[in-house]
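Below are my notes on the model, as numbered points.

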Amino acid sequence: MALAIFDLDNTLLNGDSDHAWGEFLCRKGVVDEVEYREANDRFYQLYKEGKLDILEFLSFALKPLSQHSNEQLAAWHAEFMSDVVEPMMLPKAEALLRKHRDAGDKLMIITATNRFVTGPIAARLNVPVIIATEPEQVDGKYTGQVTDIPCFQDGKVVRLNRWLEENNESLDGSYFYSDSINDLPLLDGVTHPVAVNPDERLSAIATERNWPILDLRG
């Protein structure tokens with residue numbers, strides 16, 4: 001049994017759930033549409049360039065969670081799943097998950113996007129293990145802060161290594177599928193790195209190193 005690890009945004013999904021959640025909040029009037037969208041777009045561009053200050057972004061992205069009840073957040077997220085996430089689903093991505101599942105591999109999603117946004121998406125994709133950035137809760141309410149190491153760039157490697165140790169697993173024979181240059185540290189650590197609809201810099205590295213390049217959108 002091998003570990004099959006998947007990035008989520010722009011890999012298993014045709015889009016970025018973190019950015020899309022911000023857009024959803026704008027359309028719902030939950031946040032100031034003009035100001036929030038400008039910041040959301042700026043952070044997303046920095047992410048794509050590999051220049052994102054993850055703690056600055058999380059301070060921005062997690063703040064709305066602290067301003068509303070869990071009941072209201074759950075209702076919004078259910079709407080987000082049906083109206084935004086479902087159209088992002090990729091039949092080829094679900095077929096790839098099914099291929100690894102049928103082979104007896106252990107499936108995992110590892111994502112920089114916070115667990116509030118991504119936990120239900122992993123469940124929808126029937127992936128039992130997810131390592132994500134963890135928003136802090138105190139007495140059952142989100143604080144707007146983050147706990148643990150953000151699951152981003154080298155932080156993904158740290159979080160995964162801890163999970164491997166805690167679960168007596170290894171990366172022998174492992175796969176990691178990702179679209180982003182931000183995931184190069186983890187791609188370098190697995191047996192089978194695979195670029196999925198990669199950004200320009202990851203595409204160049206994958207070509208240079210003869211890594212497989214998949215198109216799950218076509």
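1. Strand E3, residues 129-138, is mostly covered, with seven of its ten residues buried. Buried means under 20% relative accessible area, exposed over 50%, and partly exposed in between, with a 1.4 Å probe and protein chains only. Helices (H or I, at least four residues) and strands (E, at least two) are DSSP runs, numbered from the N terminus.

2. On the source: this is a predicted model, in which local features need pLDDT of at least 70 and side-chain atom pairs count only at pLDDT 80 or more, while totals for chains, interfaces and linings use all residues. Residues are numbered from 1 along each chain as its sequence is written, and side-chain values use heavy atoms, with hydrogens and water left out.

3. Which strands pair with E3? Strand E2 (residues 106-114) runs parallel to E3 and is joined to it by five bridges; Thr-111 stands opposite Ala-132 in E3. Strand E4 (residues 141-147) runs antiparallel to E3, with four bridges, and Val-146 in E4 is the bridge partner of Pro-135. Two strands are taken to pair if DSSP finds at least two bridges between them.

4. E3 and E4 form a hairpin with two residues between them. In the turn, Asp-139 has a positive phi of about 55 degrees.

5. E2, helix H8 (residues 115-124) and E3 make a right-handed β-α-β unit. Right-handed means that, with the strands pointing away from the viewer, the path from the first strand over the helix to the second runs clockwise. Phe-116, Val-117, Thr-118, Ile-121 and Ala-122 are the buried residues of H8. H8 is followed by Asn-126, which has a positive phi near 60 degrees.

6. A search of the whole structure finds two cavities of 30 Å³ or more. On a 1 Å grid over the protein atoms alone, a cavity is a set of points where a 1.4 Å probe fits but cannot get out; a pocket is an open set with protein on both sides within 12 Å along at least five of seven lines; lining residues have an atom within 4 Å of a point. Grid points are joined across faces, edges and corners, and a volume is the space filled by probe spheres set on the points.

7. The largest cavity holds about 170 Å³ of space. Its lining has 16 residues, and Asp-16, Asp-18, Tyr-47, Phe-57 and Thr-113 lie nearest the centre. Helices H2 (17-28), H3 (33-48) and H4 (54-61) and strand E2 each supply at least two lining residues, with the largest share, four residues, coming from H3. By class, the lining has eight nonpolar, four polar and four charged residues.

8. The second largest cavity has a volume of about 50 Å³. Among the residues that line it are Asp-18, Trp-21, Tyr-36, Phe-57 and Asn-114. H2, H3 and H4 each supply at least two residues of this lining.

9. About 200 Å³ of space lies in the largest pocket. Its lining consists of Val-31, Asp-32, Glu-35, Tyr-36, Ala-39, Phe-60, Lys-63, Pro-64 and Gln-67. H3 gives the largest share, three residues.

Notes
Nonpolar A, V, L, I, M, F, W, Y, C, P; charged D, E, K, R; others polar.
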